[in-house]
Amino acid sequence: MPRPLSKKALLLIVYLTSLLYSFSYALPLYINSSFLADMVSTEKAVGLVFAAGAVGAILATLYLPHFLKRFGNYRATRIVVLLEILVLIALGIFSNPILIVFAFICHQVLSTIIYLNSSAFLEAFSDDVSTGGVRGIFLTVTNSAFVIAPFLAGMMLTNGDFGKIYIAGAAFMVAVYILISTNFKNYVDPVYETPAFIKTFGHVWENHDLHAIIFLQFLLNFFYAWMVIYTPIYLHDHVGIPMSQILSIIIPVALMPFVIFQVYLGKIADSKLGEKEILIAGLIIISISCITISFITTASVVVWAFALFMTRVGASAVEVTTESYFYKQIKPQDMHLISFMYVVRSSAYFIGPLLGSLTLYLVPYNFIFLVLGLIMLIGIPYSMHFKDSR
């Protein structure tokens, strides 16, 4: 009988499965909005499809602790990964708009749950002393896929066939299913707490530091929602940059800060500064860079790659510090708190597209980034008033 894997080995497998999952998710990430725009009536309606998917993700996330309590994280993850494989294949082969929209909504729900399940595994195999470093490595590993995957998608998108990118995503998920099935059979779940949602809400509301960091997670994901939905459409349809250059040059360069900075920032948050200073600096950088984008008129790939790179410098700092701080406040059995945090995060993908669609009725397309930069400033007062971890 083979010896059980050590905690360190299991942590490495979590990193590997998260990397493969991230490739699957990131391959179509920056074509989703353009793909859907071909299926629905107007660009403004794309946001509504994303919002519907966010509602589904919120409902699924609310039920997740009960799902894990019944099936355990090992079985639950295998079920959800298998469903995601089928949904990605459907997106790759179907052409009926109704089926595509339904499958895309399912994809948003399932991908959220898979990420949550990975976070549950990660929390079980790490400790509070090294949370910043572990989360920094985790985010760097996953985000490296977000850098490479758009480049691969751009190379694949030679004839405008979006379908094969979703099929490639399904292939990565098959590898995830195999790794989980063969390595996590002996995973022992903690005793998941499943209090009523209103009780969890009350606990978070009474804990200022916890609700502040969850709000900042919401704000960061609001930023991601707008950038992922509206940037590719703006660059392609309004600035005139070919989608192949957006995917293979601009997006990979823009996402490099997540690979370059997050391990170091996570370790600095653990051992030197704490989270607050890094977080405030990140929010300021995001805000200034988003406002600047609204006034860029050139179609230069270099200029746009640099401008979007700067937005992600700020985002990488905000992401690793909010992740690190949140997971220092909870225990592995607190799946209800993790689920609550992800409900709030998912609500950003509901509120963001709806507000984005409304904004496009009120201002020219380029000013959507100006509005986003101003919204991000809201996070600075929240960052100033929570207790640092150091």
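Biologist: What makes a run of residues a helix such as α7 here?

Modeller: A helix is a DSSP run of H or I with at least four residues, numbered from the N terminus. This is a predicted model. In it, α7 gives the most to the nonpolar patch, with four residues.

Biologist: Which residues make that nonpolar patch?

Modeller: Val-55, Leu-59, Leu-62, Phe-197, Ile-198, Phe-201 and Trp-205 make it, over about 720 Å². The elements giving two or more residues are α3 (43-93) and α7 (197-206).

Biologist: Why is Ile-198 called exposed?

Modeller: Ile-198 sits in helix α7. Its relative accessible area is 63%. Exposed means over 50%, so Ile-198 is exposed.

Biologist: Ser-347 is in helix α13 (residues 335-362). How do you know whether Ser-347 is buried or exposed?

Modeller: The relative accessible area of Ser-347 is 16%. Buried means under 20%, so Ser-347 is buried.

Biologist: What does Ser-347 touch, not counting residues up to four places away in sequence?

Modeller: Ser-347 touches Ile-58, Phe-218 and Gly-352.

Biologist: Which residues have the most contacts inside the largest nonpolar core?

Modeller: They are Leu-91, Phe-184, Ile-214, Phe-223, Leu-235, Trp-304 and Phe-326, in a core of 130 residues. Helix α8 (residues 208-239) supplies the largest share of this core, 20 residues.

Biologist: What is Leu-91 in contact with, leaving aside its neighbours within four places in sequence?

Modeller: Leu-91 is in contact with Phe-35, Ile-100, Ala-103, Phe-104, His-107, Gly-163 and Tyr-166. Contact here means heavy atoms within 4.5 Å.

Conventions. Residues are numbered from 1 along each chain as its sequence is written. This is a predicted model: local features need pLDDT of at least 70, side-chain atom pairs count only at pLDDT 80 or more; totals for chains, interfaces and linings use all residues. Side-chain values use heavy atoms; hydrogens and water are left out. A nonpolar core is a set of buried Ala, Val, Leu, Ile, Met, Phe, Trp, Tyr and Cys residues joined through side-chain atoms within 4.5 Å. Buried means under 20% relative accessible area, exposed over 50%, partly exposed in between (1.4 Å probe, protein chains only). Patches are made of residues with over 30% relative accessible area and no salt bridge: like charges are joined within 9 Å, nonpolar side chains (Val, Leu, Ile, Met, Phe, Trp, Tyr) within 5 Å. Accessible areas come from the Shrake-Rupley method with a 1.4 Å probe; for residues, only the protein chains shown count as cover. A salt bridge is a side-chain nitrogen of Lys or Arg within 4 Å of a carboxyl oxygen of Asp or Glu.
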